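Please examine the sequence and the three-dimensional model shown below.

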Amino acid sequence: MNIGYEVFLCICKEKSISRAARKLYITQQAASDHVRRLEKKFDVKLFVRRPIFKLTDEGKIMQFSLQMMKNVEINMKDSLKQYSSGKTGKFRVGISTSRAPIILPKILPKFMQEYPAVTISFDEEDTQILAERLKRGDIDLFIGVNTSYDDDFEIRKIANDKIKLVISNQLLKKYGLDKRKGGERIDLKDFASIPFIIPNFDIGKVSHVIQEYLSNQNVKLNVKFNISDSDTQLAICSTGACAAICPQMLIAHSIGNSQANMKMHVYNLKGLENTLRIDVVTHKNILYPKYVIRFIEILSETIEGNIDF
């Protein structure tokens, strides 16, 4: 960055020309000269000197703009360094809280073996929030569900997931529905009297799919609990207190790791044609280093066609 810009930013930070000069190991006169040259170049007044030393409105605009330029320059240097080496660096990945414990243990050991010097930070949020963070540059990529189209995004489908009904054997017997076979496609209206735990409908791609399905099928469930966390839904469901409607990936993981003795049944839902699309989403304007590209490859190889893990 231009030395005059660096001096100006330092003065802004220190709120004093003399303190900035000492920090930069230049004379106060030299620091003042840099400010005067900037004021002359842009035909503005950058500082008010009395009664207190502070930025003018024009000075605040310049400070904001130059700080953005400096951040871009720093990011560019880091990106060039990381991309050229291909073996060291760091990046940030977004993923849903429910899918993180299912997907990450399957892919990270292999990635760490190939890139032991790379650090990954994970942001656990809903797809819509992760999309906003990718737009802002807070994360480098994310694993989403039914990601909405965006001109800035490269959206690659890596798997389809299905919404299914999961219910305990105890509840099936209690309501006289225990003659049905596992995997059978059922009409949810037959289960309308059974207590359910379902997601809150204010946020979440899965929540929206379930809400749309219930509306299209004109089904009103006997909802006793609302919570968006799928792990909690399935944990409560496994006690026999209620039934749940959840993605197949989460059901398979939960039942496979459950310590509950109660037998659980999983059913397909009649009339539910839409599947959940599991996506890996990157930004079109980012040049990704080799280790990020390899992370995406390992992710795709692991998940594609393997929803049940």
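Is C246 buried or exposed? In this predicted model, C246 is buried, and its relative accessible area is 0%.

The next topic is bonding between cysteines. A disulfide is a covalent bond that joins the sulfur atoms of two cysteines. The structure contains zero disulfides. C10 takes part in no disulfide, and the nearest cysteine sulfur, which belongs to C12, lies 9.2 Å away. For C246, the closest cysteine sulfur is that of C237, at 7.4 Å. A disulfide is counted when the two sulfur atoms are within 2.5 Å, and the sulfur atoms of C246 and C237 are therefore too far apart for a bond.

We now turn to the sheet. Strands of a sheet pair through backbone hydrogen bonds, in either a parallel or an antiparallel sense. Here, five strands form an open sheet in the order β4-β3-β5-β13-β6, and their pairing is mixed.

Which strand pairs with β6 in the antiparallel sense over eight bridges? The partner is β13, which comprises residues 276-283. Within this pairing, R156 has V280 of β13 as its bridge partner.

How values were computed
Residues are numbered from 1 along each chain as its sequence is written. This is a predicted model: local features need pLDDT of at least 70, side-chain atom pairs count only at pLDDT 80 or more; totals for chains, interfaces and linings use all residues. Side-chain values use heavy atoms; hydrogens and water are left out. Two strands pair if DSSP finds at least two bridges between them. Helices (H or I, at least four residues) and strands (E, at least two) are DSSP runs, numbered from the N terminus. Buried means under 20% relative accessible area, exposed over 50%, partly exposed in between (1.4 Å probe, protein chains only).
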